[in-house]
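Please open the structure in your viewer and keep the selection tool at hand.

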Amino acid sequence: MRVALAQINPLVGDLSGNGAQLLEACRHAAEGGADLVVSSELALWGYPPRDLLLRPSLRHKQDAVLDGLARDLPTGQSLLLGVSETVSDGQQPDLFNSVALVEKGAWRIVARKRLLPSYDVFDERRYFRPAEEPCLLELEREGRRWRLGLTICEDLWVEEQLHSQRLLGGDPVGDLAALKPDLLINLSASPFGQGKPQLRRELAKSAAQRLGAPVLYVNQAGGNDELIFDGGSFAATANGEVAAQLAFGKADLACWTLGDASAAAPIPCDEELLLRALVLGVRDYARKCGFGKALLGLSGGIDSALVAVLAAAALGAKQVQALLMPSPWSSEGSINDSLELANRLGISTQTVPIEGLMGGFDAALSAPLGGTPAGVTAENLQSRIRGTLLMAVANQQGQLLLTTGNKSELAVGYCTLYGDMNGGLAVIGDLYKSTVFHLCDWIDSEAAQAVRQELGLPAEGELIGSAIRTKPPSAELRPDQKDSDSLPDYAVLDPLLKALLEEHQSPEELAQQGTDPALAERVMGLLRRAEFKRRQAPPVLKLSQRAFGSGWRMPIAAAAQ
């Protein structure tokens, strides 16, 4: 049997458009001789559809699209795709997360998801019921009856020794063993995460060895809101070796013949995967929200430089504009560095000095304050002046405003509400400052040249530039200011933040491991007090195990921890 892996990039809620993508994939697969086409979890809906699943009109639309696929599918071909299945027994939730088999003239439900994640960004028990039984589909091809074990995403994540989030419940892989499948298929919608491509391979290898059968893993591609689905679908032989590997960071289609043991390409390095994920996240957020152009503030610092690179790669340099908004405290080097970066990228710039606006605010506020604004108030006013200018330009020109703050700043509140936090998307809000430096170093290295060229960026020479990469971080809101005046060095701060945010450690545990107790308490206090800011931040592209997004559910008003 020859199988096609259809890795599509769906638009959430566009059932007709997603159905058209699947039909096109099926027609290309037919040209490649595929008997069976397999796509991803909830492929017609796009993952995650969230409360769109509650709309009866969209449920009816799904069935109509499935009818159309059954009508137009190439003769002799079968399609497996993720759908929702409504149960009419008066109980809630009234859906299963299911798999439909579409063949010429008919379709039917053939599998249901058993393990429903409700951790981090996932909330499937809000909508779906868990299934109880293993799912085996028998499919006749070329005079042979093939036994296909069917699982959906989390159903494959049952190996406790490989990861730490094994859900309570049955073992969908182990329960298939007695049914002796010829092939295990997993329809997935697994978001990007560092180390995940290798982990998916290890989970598939374990399943293949347990069942003595090849494994087909089909993931969704594309960005949906803050989630980035990196694709990377693959086929593995019965001994767990990957024999076919699809692209990372974009839609793809590949045909694979069961029994083919050709060696697949290795997984790209972490830096390349991260860069591709960020570019995909920006591109799809803009495209799927109806934006063709982007705007950002360019300061001469490394954060805004990285966001400018990502925007140029995602949308094309001619669709990106940067504002330079120098104050009396902006260094000449920062202005020149910004202009040189823009020139290397080919993005347009406008310079709008803010000294006059600062004077206007000082005059307006002198009476109510009994003097001119000073200290943090004056610094925040500069940020808010810049934020207002950026929002005005973006509104007038129909651009998506990209915020440029990093995770370290967002964690400790080193950012200004209605100032530098303004925007429609926080591009690097899930990258620690130290990771920003590391990624920028890699982008400027020879190792990144081929990827830069593929992404439409200049391939030769430095892109971000050593002047930016080696500059001490500074907000430049007062004379000779450095981030280290207010915060621990990022080499110290970022490991503490990761321990607190992603590993759920307490200040007491950090102190026991050798951290200065006062420092641990201070960082925890900054993290807690900044919660009200994060609640008002734009969507943050999720890149880590724990991002400041839909999976972060901390109270604002709470006792000190």
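## First stop: aromatic rings

Select Tyr47, Tyr119, Phe122 and Phe229, which ring pairs link into a cluster. Please bear in mind throughout that the model is predicted. The count of aromatic pairs comes to 6. One of these pairs is formed by tyrosine 47 and phenylalanine 229: the ring centres are 6.2 Å apart and the planes meet at 85°, and an angle over 60 degrees counts as edge-to-face, so this pair is edge-to-face. Which parts of the chain does the pair link? Tyrosine 47 belongs to the loop between strand S2 (36–38) and helix H2 (56–72), whereas phenylalanine 229 belongs to strand S12 (residues 227–230). The two residues are 182 residues apart, and the pair thus links distant parts of the chain. Both tyrosine 47 and phenylalanine 229 are buried.

Now select tyrosine 127 and phenylalanine 128. These residues also form an edge-to-face aromatic pair, with 6.4 Å from centre to centre and 65° between the planes. Are they buried or exposed? Tyrosine 127 and phenylalanine 128 are both buried.

## Second stop: the loop between S2 and H2

The peptide bond that joins tyrosine 47 and proline 48 is cis, with omega at about 0°. Proline 48 lies in the loop between S2 and H2. Arginine 50 is found in the loop between S2 and H2 as well. Its phi is positive, about 55°, although arginine 50 is not a glycine. Most residues other than glycine have a negative phi, and most peptide bonds are trans. Arginine 50 has a relative accessibility of 27%; buried means under 20% and exposed over 50%, so arginine 50 counts as partly exposed.

Two further selections show these features elsewhere. The bond from glutamine 92 to proline 93 is a cis peptide bond, with omega near -5°. Proline 93 is placed in the loop between strand S3 (78–86) and strand S4 (95–103). Lysine 180, which is not a glycine, has a positive phi of about 50°. Where is lysine 180 found? Its place is the loop between strand S8 (144–152) and strand S9 (183–187). With a relative accessible area of 61%, lysine 180 is exposed.

Select arginine 144 together with tryptophan 146. The charged end of arginine 144 sits over the ring of tryptophan 146, at 3.7 Å from the ring centre. Then select arginine 534 and phenylalanine 548. Here the charged end of arginine 534 sits over the ring of phenylalanine 548, at 4.6 Å from the ring centre.

Select helix H4 (residues 270–288) and helix H10 (residues 433–443). At what angle do H4 and H10 pack? The angle is about 100°, and the axes are 10 Å apart. Angles from 65 to 115 degrees count as roughly perpendicular, and H4 and H10 are therefore roughly perpendicular to each other. Display the side chains next: H4 contributes Glu271, Glu272, Leu274, Leu275 and Leu278 to the contact, and H10 contributes Thr435, His438, Leu439, Trp442 and Ile443. By class, 6 residues of the contact are nonpolar, 2 are polar and 2 are charged.

Select serine 188, in the loop between S9 and helix H3 (196–211). With a relative accessibility of 0%, serine 188 counts as buried. Apart from neighbours within four places in sequence, serine 188 is in contact with Ser40, Glu41, Cys153, Tyr217, Val218, Asn219 and Gln220.

Move to alanine 238, in the loop between strand S13 (234–236) and strand S14 (242–245). Alanine 238 is partly exposed, and its relative accessible area is 33%. Leaving aside neighbours within four places in sequence, alanine 238 is in contact with Ala208, Gln209, Gly212, Ala213 and Pro214. Alanine 238 and arginine 210 are 28 residues apart in sequence, and their C-alpha atoms are 9.2 Å apart in space.

Finally, select alanine 459, in the loop between helix H11 (449–454) and helix H12 (466–469). Alanine 459 counts as buried at 14% relative accessibility. Not counting residues up to four places away in sequence, alanine 459 touches Gln449, Arg452 and Gln453.

How values were computed:
Residues numbered from 1 in each chain as written. Predicted model: local features only at pLDDT ≥ 70, side-chain atom pairs only at ≥ 80, totals over all residues. Heavy atoms only, no water. Phe/Tyr/Trp six-rings, centres within 6.5 Å; stacked < 30°, edge-to-face > 60°. Helix = DSSP H or I, 4+ residues; strand = E, 2+ residues; numbered from the N terminus. Buried < 20%, exposed > 50% of the residue type's maximum accessible area, 1.4 Å probe, protein only. Lys NZ or Arg CZ within 6 Å of the ring centre and 35° of its normal. Axes fitted to C-alpha atoms, helices over the stretch in contact; angles between N-to-C directions. Parallel < 35°, antiparallel > 145°, perpendicular 65-115°, else oblique. Contact = heavy atoms within 4.5 Å. Nonpolar A, V, L, I, M, F, W, Y, C, P; charged D, E, K, R; others polar.
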